[in-house]
Amino acid sequence: MFRPSASPPRPRVSARVAKRTGRLVLVVTLALVGVALLVDEATRGPEGVRSALPATTVESLGADGVTAREGGRTHRDGGSGSDSVSRGKRPDPPSERTVTVTLGGAHDEWSTSEARVGDVLDELGIELGPKDDVTPDLGAPVLNGIEIVIRRVDIVEEVERHDLPADVVKRETDERIEGDREVVRDGRDGWREVVEEVRLVDGFETERVVVADEVTDPVDEVVEVGTAPQPPAEPEPASGSASGSSSPAEGTDDVWDRLAQCESNGDWSAATGNGYYGGLQFHPDTWANHGGHEYASSAHQATRAQQIAVAERVRASQGWAAWPSCSRQLGLR
């Protein structure tokens, strides 16, 4: 009797192999989940909001940490700032700051990125004078909202000159006849000059300093005035005396008035243009040589008494012949 043959035996999988295969699948699955979590974390913003940057900007993990790019800036975990510069980081552009510029009392706002006050003035084309004042200093940093004040400073010189008039000093002397005057020292006016430096800020005076004060003293004119009494009158010559004999009394008003009446019709201010002046018709040389300039530059400008005083000097040196025609008509010689 034949017995049917048995089926060939199936190969059996070892339980140990099966366990190892299951563990491998679990590890691969967990690895994939971990990578997904890392990608998700790297693409989130600082507050947990996912960045708008695409996921491709997240670089692969390197030996020195994860490198990410946010907003155009490069950060390297575990690296230094100099490392980011060495990788080609571009420096931030200077920020704009608002400044107020005050010039001559006028204010103006300006937006600038300059770092120093002096650079802002250069940017605005403002030229400074040698004495101008700037606040803050030209080297001060430019902070947002700063006010730069420019004061125009000028120093001007003012000169004032004042005349110091001379006085006339009279000295009495008994060596001269009463009414006789003579200038023994000419006078000269003086002066005072004051120099001041004036400081102007934006056109307004803020300071005034005297830098020079020079004085030239005046010189007083000195005039000697006679106090000696007039000499006694000479007696009139006897009738029929010879020509050229002693003259009648000198200095009497009657004699000089009669002589003036003959010479100029009694006009003590006569100036007719005939070359002679005054009531007694003095020639300019005669007037000057006998001290007439003590009273006036010309006889007709002197008083009657002054003309008579000079006439006495002329009569003393020349006699009545100084008035040849009228003295003869009046019987004075």
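This is a predicted model: local features need pLDDT of at least 70, side-chain atom pairs count only at pLDDT 80 or more; totals for chains, interfaces and linings use all residues.
Is Trp 320 buried or exposed? Trp 320 is buried, because its relative accessible area is 2%.

**The chain as a whole**

- Seven helices and twelve strands make up the secondary structure listed for the chain.
- If you take the contacts between residues at least 6 apart in sequence, 52% of them join residues at least 24 apart.
- The chain has an accessible surface of about 23,000 Å², and carbon and sulfur atoms account for 51% of that area.

**Aromatic rings**

- Four aromatic pairs turn up when the whole structure is searched.
- One of them joins Phe 282 and Trp 287: the ring centres are 5.2 Å apart and the planes stand at 65 degrees, so this pair counts as edge-to-face. Both partners, Phe 282 and Trp 287, are buried.
- Another pair brings Trp 320 together with Trp 323, with 6.0 Å from centre to centre and 50 degrees between the planes, an arrangement classed as tilted. Why is Trp 323 called buried? Its relative accessible area is 4%, and buried means under 20%.
- Trp 320 and Trp 323 also belong to a cluster with Trp 256, held together by ring pairs.
- A charge meets a ring at Trp 191, where the charged end of Arg 161 sits over the ring, 4.0 Å from its centre.

**Salt bridges around Asp 180**

- The structure holds 14 salt bridges, and one of them pairs Asp 180 with Arg 313, with 1.7 Å between the closest N and O atoms.
- Which parts of the chain does this bridge tie together? Asp 180 lies in the loop between strand S8 (168-177) and strand S9 (181-185), while Arg 313 lies in helix H6 (residues 304-318), so the bridge ties together parts that are 133 residues apart in sequence.
- Asp 180 has a relative accessible area of 13%, so this residue is buried.
- Asp 180 and Arg 313 are also members of a salt-bridge network, in which they are linked with Arg 176, Glu 182, Glu 224 and Glu 294.

**Salt bridges around Arg 208**

- Arg 208 and Glu 196 meet through their side chains in a salt bridge, at 2.8 Å from N to O.
- Arg 208 belongs to strand S11 (residues 204-216) and Glu 196 to strand S10 (residues 190-201), so the two tie together parts that are twelve residues apart in sequence.
- Glu 205 counts as partly exposed, since its relative accessibility is 45%.

Definitions and conventions:
Residues are numbered from 1 along each chain as its sequence is written. Side-chain values use heavy atoms; hydrogens and water are left out. Helices (H or I, at least four residues) and strands (E, at least two) are DSSP runs, numbered from the N terminus. Contact means heavy atoms within 4.5 Å. Accessible areas come from the Shrake-Rupley method with a 1.4 Å probe; for residues, only the protein chains shown count as cover. Rings of Phe, Tyr and Trp (its six-membered ring) pair if their centres lie within 6.5 Å; planes under 30 degrees apart count as stacked, over 60 as edge-to-face and the rest as tilted. Buried means under 20% relative accessible area, exposed over 50%, partly exposed in between (1.4 Å probe, protein chains only). A charge sits over a ring if NZ of Lys or CZ of Arg is within 6 Å of the ring centre and within 35 degrees of the ring normal. A salt bridge is a side-chain nitrogen of Lys or Arg within 4 Å of a carboxyl oxygen of Asp or Glu.
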